[in-house]
Amino acid sequence: MSIWWSLHLRREAASVPLARRLLLGAMETAGVDPDISYDLSVALSEACANAVEHGGDDASGPHSAQYRVTAYLDGEKCRIEVTDSGPGFPPVRCRGTRAARPAHTRESGRGLCLIEQLADHVHFRNRPRPGRGAVVTFDKILKWREGALLQAS
C-alpha cells in the first residue's frame, strides 16, 4: 500500500501549516517514525514558505497566485515536490551543488540549505520555460513504528 496526494494551495502564509499538518497526519496514520516525520515536515514547511514568498507575481494571473505540493509515501521512502510559478532559481542553485550555500548570517537561502540537511536527496530545478517557476524535490528513506500500515515487507 502507498499514499499519494497533491494539493494546489494559494500563495498565502496560512497554506504552509496546512500542508505541514496534512503530511504529518498522513505519516502518523501510516506509522512513520516520528523523527523522520518531523524532519520531512520541517523541510516541507521551508519549501512551501519559499513558494509563498518567491513563487509568482499575483498580477500575472491565477496560476501565479498558487503553488502545488505533491507527496508520495511508499514502503521505502517519502518523496515530496513543491512547484511554483515564480522566476525560478538562479543558475548556481539549479546545479544542485551544496557549495552554493549562503552565509549563515543572511536571511535568504537558509531554508533551502535546511531542506538539504533534513532530506536524503534534494533536487532544485526550474520548470522548462524560463520564468515559469521553481521545483524543489526531496526524499527521505522511511523508518517505521512497529505494526505500521505501509511498512515495507
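Let's start with helix α2. Helices are DSSP runs of H or I with at least four residues, strands are runs of E with at least two, and both are numbered from the N terminus.

A word on the source. This is a predicted model, where local features need pLDDT of at least 70, side-chain atom pairs count only at pLDDT 80 or more, and totals for chains, interfaces and linings use all residues. Residues are numbered from 1 along each chain as its sequence is written, and side-chain values use heavy atoms, with hydrogens and water left out.

Back to α2. Look at its start. Aspartate 33 caps the N-terminal end, with a side-chain oxygen 3.0 Å from the backbone nitrogen of aspartate 35. Now look just past the helix. There, glycine 56 takes a positive phi of about 160°.

Which residues of α2 are buried? Among them are Ile36, Leu40, Leu44, Ala47, Cys48, Ala51 and Val52. Buried means under 20% relative accessible area, exposed means over 50%, and partly exposed is in between, using a 1.4 Å probe and protein chains only. Serines are on the list too: Ser37, Ser41 and Ser45 are buried. An α-helix has 3.6 residues a turn, so residues three or four places apart point the same way. What do the buried residues of α2 pack against? They pack against α1, β2, β3, α4 and β5. Contact here means heavy atoms within 4.5 Å.

Glutamate 46 sits in α2. It is partly exposed, with a relative accessible area of 25%. Setting aside neighbours within four places in sequence, glutamate 46 is in contact with Gly111, Leu114 and Ile115. Glutamate 46 and arginine 20 are 26 residues apart in sequence and 9.9 Å apart in space, C-alpha to C-alpha.

Now the whole chain. The protein chain has 4 helices and 5 strands. From the N terminus, the order is β-α-α-β-β-α-α-β-β. Of its 153 residues, 42% count as buried. Take contacts between residues at least 6 apart in sequence: 64% of them join residues at least 24 apart. The chain exposes about 8600 Å², and carbon and sulfur atoms supply 52% of that. Accessible areas come from the Shrake-Rupley method with a 1.4 Å probe; for residues, only the protein chains shown count as cover.

Next, the core. A nonpolar core is a set of buried Ala, Val, Leu, Ile, Met, Phe, Trp, Tyr and Cys residues joined through side-chain atoms within 4.5 Å. The largest one has 40 residues, and Leu23, Leu40, Leu44, Tyr67, Ile80 and Phe138 touch the most other members. Elements giving two or more residues to this core include β1 (3-10), α1 (15-30), β2 (66-73) and β5 (134-141). Which element gives the largest share? That is α2, with 9 residues.

On to aromatic pairs. There are 2 in the whole structure. Rings of Phe, Tyr and Trp (its six-membered ring) pair if their centres lie within 6.5 Å; planes under 30 degrees apart are stacked, over 60 edge-to-face, and the rest tilted. Tryptophan 4 and tyrosine 72 make a tilted pair, 6.3 Å centre to centre with 40° between the planes. Tryptophan 4 is in β1 and tyrosine 72 in β2, so the pair ties together parts 68 residues apart in sequence. Tryptophan 4 is exposed at 51%; tyrosine 72 is partly exposed at 40%. Phenylalanine 89 and phenylalanine 124 form an edge-to-face pair, at 5.5 Å and 70°. Phenylalanine 89 is buried at 14%, and phenylalanine 124 at 1%.

Aspartate 139 lies in β5. Its relative accessible area is 7%, so it counts as buried. Beyond four places in sequence, aspartate 139 touches Lys77, Cys78, Arg79, Ala119, Asp120 and His121. Glutamate 116, in helix α4, is buried at 3%. Threonine 83, in strand β3, is buried at 7%.

Technical notes. Polar contact = N/O pair within 3.5 Å; in protein donor to acceptor, adjacent residues only side chain to side chain.
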